[in-house]
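Hi,

Here is the structure I promised to pass on.

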Amino acid sequence: MQHLDLIVVRKALEWSRAGQRVWLCTVLSTYGSAPRAPGSLLAANEAGQWVGSLSGGCVEDDFLERVAAGAFPEPLALVRYGDGSDERSKISLPCGGVLDVLVENLPADCEVQAHLRELESALAGQRRLLREIRIDDGSRSLREDREQGARVERDEQVIRLRVGAAQRLLLAGYSSVAQVCAEFAQPLGFEVVLCDPREEVLDGVELPGVEVRRELPSEVIRSGGCHADTAVVALTHDPRIDDLAMIEAVRTEAFYIGVMGSMATSAKRRERLRRVGGLSEADMARIIAPIGLNLGSKTPAEIALAVLADILRVRNAIPRERV
C-alpha cells in the first residue's frame, strides 16, 4: 500500500526535474465535515495535471481553474475554502465544511528538487521531518522530528508540518479484537498489517484492505516491518506470539507498543520479558500493558475502540492524565 502523499511528492519531483513549475498544496485545518485530514497534499503543474486530494473533489476543480488563470503567482498563499470569506475561493463545499489550504508556488530549480527529495525520503519511512515554512517570505527549512504531535502546527509567523510515512498499525496475531482494530484503523488513516503464522486461525478470515503476512510478527518486525510511525499491538493472549513481538518491537522506533491482558496477566508478562527476554526497565517502560484507555471495555469492539483511542492519544502527544 503506497502512501498517497508519497505519490504526490514523487510526481511533484518528477515535474520539477522536467522543468515545470509546481504548486504544492497542503491542508492546514478543517472545520465541520471534511474528507481529508490536515497535512494532506495535492500537487499541480502548469499543464493542468494534478495528483493528490484536498477535499475529495469539491475544491480541486476550482483550484486548477484559478491556477490556469494565473492565480497564486506569489511563493506562498493561504486560502480558505467553504465559507465564501476568501475572494480567491467563492465555492461552498457540499458537505458544509471549511478548510484552510497552504499553496506553495515552487520554481523548477535545484533547491526545490533537493527539498522534495528530503520529503520523499521521509514519506518513504526513512526518517521523520519537521517542515517549517515562514509565512512572511515563504522560506522553507527541514529538521529531524523526534516527537509526536499534530501533523500541522501554526502561529502568526511559522507553519510547522510533520512529515513521515503513512501511519501503520501492525497487528501481532489475529483475534476478534484484532479484526475490529483493523476495521477501525483504516478510516483513521492507518495502513494495517496483520502478522500471524497460524493457518488454522486465519482460515476463513476476511480483512479487506489489510496486508496479511503469514509469518511470526517478531520476524516481520525484525526484518524491518516497523518505522517511527508504526503502532505495534499484540491482542492474542498467546505468549508465543505476544511476548516475542514485544521483545522485537522495543528494538525499533515504533511510537506505540501495547499488549492485551489483565493486570495480573500483564504483571506475569513483565516478569517473563525481564527474565527471558532480557528487557531493561527502559524497554519495559515503552510497553503499554494493559493496552488501551480504561473505558471499562468488555466486548471486542469496545476493546478495539480503547486501543485505537490510546494510539491516537500517543500520536497526538496528549498525556494519559489529560484523557
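The domain bounds I use below come from an automatic or database domain assignment. Keep in mind as well that this is a predicted model.

With those bounds, the protein chain splits into domain 1, residues 1-163, and domain 2, residues 168-322. Their C-alpha centres are 33 Å apart.

I then went through the interface of the two. On the domain 1 side, five residues make contact, and they meet ten residues of domain 2. Interface size is often quoted as the accessible area that is lost when the parts come together. Here domain 1 and domain 2 bury about 680 Å² between them, with 50% of that on carbon and sulfur atoms.

What about charges across the interface of domain 1 and domain 2: how many salt bridges does the rule find there? One. If you want to look at a salt bridge in the viewer, go to Arg-128 and Asp-229, where the closest N and O atoms sit 3.2 Å apart. As for polar contacts, the count between the two domains is two residue pairs. The side of domain 1 that touches domain 2 is made up of one nonpolar, three polar and one charged residue.

One thing from the records: an unreviewed UniProt entry annotates residues 169-311 as "domain: XdhC Rossmann". In the model, that stretch is 45% helix and 16% strand. The C-alpha atoms at the ends of 169-311 are 9 Å apart.

That's it from me for now.

Cheers

Definitions and conventions:
Residues numbered from 1 in each chain as written. Predicted model: local features only at pLDDT ≥ 70, side-chain atom pairs only at ≥ 80, totals over all residues. Heavy atoms only, no water. Contact = heavy atoms within 4.5 Å. Buried area = accessible area lost by both parts, 1.4 Å probe. Salt bridge = Lys/Arg side-chain N within 4 Å of Asp/Glu carboxyl O. Polar contact = N/O pair within 3.5 Å; in protein donor to acceptor, adjacent residues only side chain to side chain. Nonpolar A, V, L, I, M, F, W, Y, C, P; charged D, E, K, R; others polar. UniProt positions renumbered as here; feature names shortened; annotations may be inferred. Helix = DSSP H or I, 4+ residues; strand = E, 2+ residues; numbered from the N terminus.
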